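Dear colleague,

Please find below the sequence and the structure for your review. A summary of the findings follows.

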Amino acid sequence: MTDTVTRPTLSERTDAKIREVLTGQRRGVGSLLLFAGPAVVASIAYMDPGNFATNIQAGSGYGYSLLWVVLMANLIAMMFQALSAKLGIVTGRNLAEMCHDQFSTPVRIVMWIVSEIAAMATDLAEFLGGAIGLSLLFGMPLLAGMAVTAVVTYGILLFDGRGFRPMELIIGALVSVIGICYVIEMFIAPVDWAAAGLGVITPSMPDAAALTISVGIIGATVMPHALYLHSGLTQHRATARNDAERKTLLRFSNWECVIALAVAGMVNMAMVIMAAAAFHAGHTDVAEIETAYHTLTPLLGGAAAMVFLISLMASGMSSSAVGTMAGQMIMQGFVGFHIPIWLRRLVTMLPAFVVVLMGVNTTDALVYSQVVLSFALPIPMIALVMFTRNPAIMGSFANKRLLDITAIVGTVIILCLNAVLLLQTFGVPVPGLG
């Protein structure tokens with residue numbers, strides 16, 4: 001009678017190779033690929049369907065002049081995602097768990113409720129985006145597109161139970177699809193590259209309406225669920241046994257954040273560039289995803305419109321799956337309560353079905369979901385800065401003075417811009433915005 005040999009899983013093999021890097025047995029540029037994953041998964045939040053509408057509006061209305069806003073927003077996002085990853089690596093706790101440990105019961109209950117609402121609002125935008133893409137590409141009713149999106153995202157989520165690596169590879173593949181789609185769009189659209197280059201490096205604000213759009217771009221960039229999620233993805237992925245190994249993990253994590261978020265930033269810039277090249281000359285009023293699709297077909301041909309929808313579907317399905325993972329992590333961290341992933345998926349997608357069945361305009365639903373996120377954003381941002389600057393929590397890895405000041409300034413900028421976005425949304429006059 002022979003013993004059955006159990007073959008190590010993909011995640012276990014990756015973990016063993018990471019251990020070799022930490023102990024100095026493995027070196028080389030290829031080692032970075034072993035650590036690639038958490039930031040790639042989190043980066044999908046910066047390419048979700050909510051970004052499509054704001055970027056299309058910026059490009060169609062103002063050409064290339066607001067590209068610098070996308071760059072600034074992305075740089076701030078890099079910093080906060082790196083802080084989130086650091087919290088998980090150094091403490092072995094994710095952001096939601098740290099909130100549970102550090103705050104009083106009434107405070108953390110309020111934080112949990114607001115964060116859960118934010119997770120559901122996030123999923124509303126992501127789920128609708130995937131469904132809109134399917135509906136337009138295959139000519140199916142929106143509800144049918146939502147049903148297909150629900151099945152596909154649940155199928156993606158099933159891989160989460162097989163260790164960290166399969167999910168990282170799946171999301172990475174979908175991120176690649178989005179990126180490739182926009183590379184193709186750059187070749188199809190008649191881009192003025194000189195003007196685009198100037199738009200990236202030359203800050204300008206054509207008028208008050210452009211400022212409002214810029215606020216929308218920045219306000220939707222740093223996503224609450226991505227900050228919670230990233231710390232959870234790093235907390236147990238590779239366990240450091242001493243400070244030297246933690247430094248190694250942080251070095252690779254920071255590189256991954258820069259690369260993954262740079263790719264996300266370039267995709268967002270490509271969205272603006274495509275909209276500027278296709279619409280700015282004669283279709284400056286294009287602001288909705290559906291309108292962009294129908295306008296692209298006669299302007300650049302059916303291939304450009306199809307590529308646009310494929311990127312939208314990949315964005316909606318991947319970001320919806322990641323949003324569900326974040327929601328589960330938020331619930332477990334704050335209240336220690338775990339529910340089956342299928343139930344979590346069902347709960348988070350119900351608002352989208354309710355919105356469609358009530359006849360609410362999908363673009364309006366996307367806008368209001370961003371407003372909800374604006375209310376929720378201060379919680380994880382402020383908590384993250386508080387924890388990562390505290391030596392009692394982070395030890396020698398607490399934020400150095402320059403990083404601490406930069407993080408605080410970034411928080412203030414984002415919060416002020418979100419406040420302007422909320423005031424504008426509810427029709428409250430803001431001095432300087434007209």
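**Aromatic pairs**

In this predicted model, the structure contains 3 aromatic pairs. A pair of aromatic rings is described by the distance of the centres and the angle of the planes.

One of these pairs joins Phe35 and Phe252, whose rings are stacked, at 4.1 Å centre to centre with 5° between the planes. Phe35 belongs to helix α2 (residues 31–35) and Phe252 to helix α13 (residues 243–279), so this pair ties together parts that are 217 residues apart in sequence. Phe35 is buried, its relative accessible area being 6%. Phe252 has a relative accessibility of 13% and therefore also counts as buried, because the cut-off for buried is under 20%.

A further pair is formed by Phe103 and Phe387; this one is tilted, with 5.7 Å centre to centre and 35° between the planes. Phe103 lies in the loop between α6 (95–102) and α7 (105–138), while Phe387 lies in helix α18 (residues 378–388); the pair thus links distant parts of the chain, 284 residues apart. Phe387 counts as buried, at 2% relative accessibility.

Phe252 also takes part in a contact of another kind: the charged end of Arg251 sits over the ring of Phe252, 5.4 Å from the ring centre.

**The chain as a whole**

The chain has 20 helices and 0 strands. For 434 residues, a compact globule would have a radius of gyration near 22 Å, and the 21 Å found for the chain agrees with this. Along the principal axes, the C-alpha atoms fill a box of roughly 70 × 60 × 45 Å.

Of the 434 residues in the chain, 56% are buried. Among contacts with a separation of 6 or more, 82% are between residues 24 or more positions apart. The accessible surface of the chain is about 17800 Å², and carbon and sulfur atoms account for 69% of that surface.

**Asn55**

Is Asn55 buried or exposed? Asn55, which is placed in helix α4 (residues 49–62), counts as buried at 1% relative accessibility. Apart from neighbours within four places in sequence, Asn55 is in contact with Val70, Ile217, Asn268, Met271, Val272 and Ala275. Asn55 and Leu422 are 367 residues apart in sequence, and their C-alpha atoms are 19 Å apart in space.

With kind regards

Key: Residues are numbered from 1 along each chain as its sequence is written. This is a predicted model: local features need pLDDT of at least 70, side-chain atom pairs count only at pLDDT 80 or more; totals for chains, interfaces and linings use all residues. Side-chain values use heavy atoms; hydrogens and water are left out. Rings of Phe, Tyr and Trp (its six-membered ring) pair if their centres lie within 6.5 Å; planes under 30 degrees apart count as stacked, over 60 as edge-to-face and the rest as tilted. Helices (H or I, at least four residues) and strands (E, at least two) are DSSP runs, numbered from the N terminus. Buried means under 20% relative accessible area, exposed over 50%, partly exposed in between (1.4 Å probe, protein chains only). A charge sits over a ring if NZ of Lys or CZ of Arg is within 6 Å of the ring centre and within 35 degrees of the ring normal. The radius of gyration is taken over C-alpha atoms; the globule rule is 2.2 Å times the number of residues to the power 0.38. Contact means heavy atoms within 4.5 Å. Accessible areas come from the Shrake-Rupley method with a 1.4 Å probe; for residues, only the protein chains shown count as cover.
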